[in-house]
Amino acid sequence: MSQLTTELSDLVDGLVRRSDADEPAGERRAMWVQARELGLHRVGIPEERGGAGGAFEDLLAIVEALGRNGVSLPVIETATADWVIGHSTELTDRTTTLALLEQPLDTRDGTATAELRAVPWARDSELLVVCAPGADPLVVDLRHPAVTVRPGENLAGEPRDEVVLDGVPLTSSAAPPDFEQVRARLALLWSAALAGAAHGAFRLTKTYVSERRQFGAPLLKIPAVAGNLALMRVELLQTDAALSLARTSGPTPFAAETARLTTAAAATVVATTAHQLHGAMGITEEYPLHAFTRRLWAWRDAVAAERQWAEDLGRRAAAIGEEETWTLVTPA
C-alpha cells in the first residue's frame, strides 16, 4: 500500500469523525460536499482530464474506508461516471451518477424513452451515464423537463431511484471505455466497499464479545464464540487476498469476478455471524451494528448477484484453462 493510499484512507476516517453521525443513511450531505471539495470522487482520473490524479488503488482505499466506517456516499457511482465522461470531454462541476443496463436503449431518433429502475443517487445528480453491452455510453441530462425521477431506496437506506425518460435527447461518448471495463471497475469498487463494511462489522463484534461479560468472563472465552469470530476473520483474510490480487492486476474482468464473488460470500457470513454473536443487542436501532450489516446485504448484489459472478468466473476459467487460471490467481 502506497503512502498516498494510506493518507487517503486516514483522510476519510477524519472526515467521518468530523461529520454529523445523526444524519440518516445516504444523507450525509455536508460530508459529501467536503469530499467533493477535496476531489475524492475524482481520484484515479488523470489531472489532464479534470481528475484529481492518483491511481485506481487509491480510489479503492477511499471506498473501503467509507465502508469500514459504515458511511454511504455516492463516491463509487460518481467516480465511475466521471471516469467514463473524462475519456471524451472535459469534466465539469455537474454531479454525476451511473447506471448499467442489460440491453442498450433504443436511440434511433437521438432520444430515449424508457424506465430505468434503481438508479443510484439520481435525485441528487445532474447527469446520468448509461452503459449497456454493445453500445457506447450515453449521457442523460437529469434536469431535462422530459426526465422524471421517482425516489426509492435500497436496504441500506441509500437512494435507488426510478428514472423515467420520455423522449429525452442523449449525448454519446466519443471515446468511451467499453462496457466490460466499466463493469469491472464498478465491481472492484463495490468489492472494496464490501470488504470495508465487513471489517467494520468484525471490529464492532470483536469489541462487543471482548467486553460483554457472562458468568464472570468475557463472551470471547466461550469456545463457540471464539470459533465464530475466527470464522469471520478467515472470511476477511480471503477478501483482503482477492483485493490484493486486484490491486496487482488492475481492474480486469478476472480480478473483478474473483473479488466480487469472494466479498459477496464473505458479506453473508460476516453479517449473519455478527448478529448471532451480538444476540438481542444486534437488532436494536440505537446500536451501530445495522450500519454495517444493512450495507453488507445491500452491497453484496450491487452490479450483479453472487450467482452471476460465479457463473461468469466459471465460464472464464473453463475457457482459458487450468494453467492460465493459476497464473492469474498467483501473479508474479
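**View 1. The buried residues of helix α4 are V75, I76, E77, T78, A79, T80, A81, D82, W83, V84 and I85.** Buried denotes a relative accessible area under 20%, exposed over 50%, and partly exposed in between (1.4 Å probe, protein chains only). Helix α4 spans residues 75-85 and is mostly covered, with 11 of its 11 residues buried. Helices (H or I, at least four residues) and strands (E, at least two) are DSSP runs numbered from the N terminus. The model is predicted: local features need pLDDT of at least 70, side-chain atom pairs count only at pLDDT 80 or more, and totals for chains, interfaces and linings use all residues. Residues are numbered from 1 along each chain as its sequence is written, and side-chain values use heavy atoms, without hydrogens and water.

**View 2. R185 is placed over the face of W83.** The distance from the ring centre is 4.2 Å. A charge sits over a ring if NZ of Lys or CZ of Arg is within 6 Å of the ring centre and within 35 degrees of the ring normal.

**View 3. W190 and W299 form a tilted aromatic pair.** Rings of Phe, Tyr and Trp (its six-membered ring) pair if their centres lie within 6.5 Å; planes under 30 degrees apart are stacked, over 60 edge-to-face, and the rest tilted. The count by this rule is 2 aromatic pairs. For W190 and W299, the centres are 5.6 Å apart and the planes form an angle of 55°. This pair links distant parts of the chain, 109 residues apart: W190 belongs to helix α5 (residues 179-211) and W299 to helix α8 (residues 289-299). Both W190 and W299 are buried.

**View 4. Y208 and Y287 form an edge-to-face pair.** Their ring centres lie 6.2 Å apart, with the planes at 70°. Y208 is in helix α5, whereas Y287 is in the loop between α7 (253-278) and α8, 79 residues apart. Y208 counts as buried because its relative accessibility is 13%; Y287 is buried at 16%.
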